[in-house]
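Dear colleague,

Here is the structure I said I would pass on. Please look it over; my notes come after it.

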Amino acid sequence: MTIYLDNAATSFPKPESVYRAMDEFARTKMANPGRSGHTMALASEALLDDGRHRLNQMFRGKSPDRFIFTLNCTDSLNMAFKGTLQPGDHVITSDIEHNSINRPLRALELAGVITLTRVNADSGGTIDPEDIRKALTSQTKMVAITHASNVLGTVQPVADVGRICRENNVLFLVDAAQTAGVLPVDVQAMKIDLLAFPGHKGLFGPTGTGVLYVEPNVKIKAWREGGTGGDSTTETQPQVWPYFLEGGTPNTLGISGMIAGIKWIEEYGMKKIYDHEIELTQYLWSKLESIPGIHILGHRDFTRRVGTLSFFSENVPAPDLGVSLDASVQIATRPGLHCAPFAHRASHTFPVGTIRVSPGPFNTKEQIDLLVEAVEGITSI
Ligand SMILES: Cc1ncc(COP(=O)(O)O)c(C=O)c1O
């Protein structure tokens, strides 16, 4: 049985209630929501409504209909960038971003649509909000940063950055891929205009699920136009939210799993999940540091971290170590660059990368002990 320590990529296993909810939904309600108006279609639509209400409560949104179901966090980010940015806009981002922020922005920059500034995080992996303030220009339309680095696990001061953005009338986009379901995110208190997150990581939904929250004052174009199941009379996308941004049949089966995941978090407790993941990460750090030749990335203040830890060995390159862990002891970690090349350049771990370990609520200290024992065995020469 694999010891799965790659929850920052996608969570596994899911809580039992997620598997049960999806099975039940697939067998009884998997009709096209809203479209036909028959009993099954209405039941499917009601499930989506319930999900939007739960999301609105969890993320303190202004209205459930501003939560758009997407395919993953990348889909949400593309929808946000391509729906709001216009020729001549300036965008500020950072050097610890995932490629789902880096690549669409760089492509828009190369196409001559936007200008881009990338502020650097400090050596511990934290962005200084004052650097963002200094980078603002009269053309700045958006600041786009992650809530927590998927390489370093460091949590960013999003509330401070949000305040700066609101004072300067700049859109604030947060990528909550590593925090949704783990840390409280309050879009109103943090002054977040656009919040993108996956359903398949901390919310325990299946792959193929994601969400974009759009603050009601944000002007956004529909990136994916098509059928919405309700008003078919208009020649262009109906302006009614959430359907305005939800052309096409949604992944109702996946969303049913994500909603079951959210219910599980509500009952189990987000704080309990966070505390457990931090405890395991702290324990891992204390064990790894006694192994000769092991280096751990990012600052050590666990009050400003999520349960993700990256390290490398002087003796065995990360890709080889990752393969050995999988092949010899069936431990799943994530070797490489984690789709975040700038973060690795800044950490001097480019292009070989690191091993990333990201426990979830079902991992144990005994599993961390097995990992440490294996790393010690493979890297001692
Ligand atoms: C910080 C961050 N942003 C965005 C993404 C992209 O998420 P998805 O795979 O759901 O598109 C990830 C995935 O690992 C991530 O860690």
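The notes below cover cavities, nonpolar cores and backbone geometry.

Please keep in mind that this is a predicted model.

Cavities. The search of the whole structure turned up two cavities of 30 Å³ or more.

Cores. There are 53 residues in the largest nonpolar core, and L55, F59, V143, F172, L195 and F197 have the most contacts inside it. Helix α7 (residues 252–268) supplies the largest share of this core, seven residues. A second, separate core has 32 residues, among them Y283, L309, L321 and V372. As for L195, its contacts beyond the neighbours within four places in sequence are F59, V174, A176, V185, V187, V211, L212 and Y213.

Backbone. Most peptide bonds are trans, and most residues other than glycine have a negative phi.
- F12 and P13 are joined by a cis bond with omega about -5°; P13 lies in the loop between β1 (3–4) and α1 (16–28).
- W241 and P242 are also joined by a cis bond, with omega about 5°; P242 lies in the loop between β8 (210–214) and α7.

Positive phi values occur at K191, about 55°, and at Q330, near 55°. K191 sits in the loop between β6 (171–175) and β7 (194–198) and is partly exposed, at 27% relative accessible area. Q330 sits in the loop between α9 (318–329) and β11 (331–332) and is partly exposed, at 37%.

Regards

Terms used: Residues are numbered from 1 along each chain as its sequence is written. This is a predicted model: local features need pLDDT of at least 70, side-chain atom pairs count only at pLDDT 80 or more; totals for chains, interfaces and linings use all residues. Side-chain values use heavy atoms; hydrogens and water are left out. On a 1 Å grid over the protein atoms alone, a cavity is a set of points where a 1.4 Å probe fits but cannot get out, and a pocket is an open set with protein on both sides within 12 Å along at least five of seven lines; lining residues have an atom within 4 Å of a point. Grid points are joined across faces, edges and corners, and a volume is the space filled by probe spheres set on the points. A nonpolar core is a set of buried Ala, Val, Leu, Ile, Met, Phe, Trp, Tyr and Cys residues joined through side-chain atoms within 4.5 Å. Buried means under 20% relative accessible area, exposed over 50%, partly exposed in between (1.4 Å probe, protein chains only). Helices (H or I, at least four residues) and strands (E, at least two) are DSSP runs, numbered from the N terminus. Contact means heavy atoms within 4.5 Å.
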